[in-house]
Amino acid sequence: MDVFIKNLGLLINATLISTPPLLYAALGSCMSERSGVVNIGIEGMMTLGAFVGAAVGYYTENAWLAFLCGGLAGALVALIHAVVCITFNADQTITGTAINFLAPGFALFISRRLFDDSTDTPPIADAGRLPKILNGVFPAGSFWNNVLNVHVACIICFVLVAVIYFVFYKTRFGLRLRAVGEHPEACDTLGISVSKTRYICVILSGFLSGLGGAYITLATINQFRPAVIVGQGFIAISAVIFGKFTPQGAMLACLLFGVCDGIKSLSAMTNAVSPNLISMIPYIVTLVTLILFVGRARVPAANGKPFIKSK
């Protein structure tokens, strides 16, 4: 029984470590998609947010400033995506794909310039890392320490689920956001600015994605590396599809993927199975989820379709 409780605590801990980056990005993707703009560039926004968060955390040793700057970096990339797709009516999928190439490349270029031609940032001091909410309260390695001693930013991401749910379904802006994603022409005739609403949602999606990337370098690990995101942006997008484009559904899907990642981490400790096979677990679950649920999720009617204002 003691072994079971210990392993359960470790699994919950690994889940709470893996879920927040996915959830931040998924909430951002949910906002963009519900407004009618496909944002495939979540991966690139997370990568740049991870680098900026690590670099600012290293130089300033201020975790919250670094966390905020990571979000702002993602928002800046999202602004580019918004200008190209909303103002110039470019293909949203192609633009997002381009961002997934450009943003990581830019992060590596700046890293080489700042850190002696290295693509890895130096390790961040403890003062520059995100704090835990109950650090030192419970004995190290105990069940309650594993379950409750989580980062403050982890709690914030779950609070954001409730906030975004309230905005979506209980506010005038949320009503307009959902309407713009379903029938922008009708919204335009009612005097609702389709472009403004979509700009706000896309920029917020980049900000949240940047926070997800910064969480990884400021909480999960203590430096930026080229493969630090490793497909988590795409997993977040699949979580939004699995969650039927709702914040609460995206949260449940991210928890599922977080559990899979936790199982991967625990299995790797036993060395009973090849590490290469174990590392495939989250991605296999992602593929199975997409195969089973992508046809059942109702995509917003105007999602991916440029809106050209009639004169």
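Predicted model: local features only at pLDDT ≥ 70, side-chain atom pairs only at ≥ 80, totals over all residues.
Me: Where does Val228 lie?

Reply: Val228 lies in the loop that runs between α9 and α10.

Me: And which residues is Val228 in contact with, leaving aside neighbours within four places in sequence?

Reply: With those neighbours left aside, Val228 is in contact with Ala50, Ile216, Thr217 and Ile221. As for Gly44, 184 residues separate it from Val228 in sequence, while the two C-alpha atoms are 11 Å apart in space.

Me: OK, what about α10, how many of its residues are buried?

Reply: Nine of the eleven residues in α10 are buried, so this helix is mostly covered; among the buried ones are Gln232, Ile235, Val240 and Ile241. Just after α10 comes Lys244, which takes a positive phi of about 60 degrees.

Me: Switching topic, how many residues has the largest nonpolar core?

Reply: It has 68 residues, and those with the most contacts inside it are Tyr24, Phe67, Leu130 and Tyr215. Elements giving two or more residues to this core include α1 (2-34), α9 (194-220) and α10 (232-242).

Me: Is there a second core, or what else is there?

Reply: There is a second, separate core of five residues, which includes Val180, Ile192, Val194 and Phe307.

Me: Back to Tyr215, what is it in contact with?

Reply: Leaving aside neighbours within four places in sequence, the contacts of Tyr215 include Leu16, Pro20, Tyr24, Phe67, Leu130 and His151.

How values were computed:
Residues numbered from 1 in each chain as written. Heavy atoms only, no water. Core = buried A, V, L, I, M, F, W, Y, C linked by side-chain atoms within 4.5 Å. Buried < 20%, exposed > 50% of the residue type's maximum accessible area, 1.4 Å probe, protein only. Helix = DSSP H or I, 4+ residues; strand = E, 2+ residues; numbered from the N terminus. Contact = heavy atoms within 4.5 Å.
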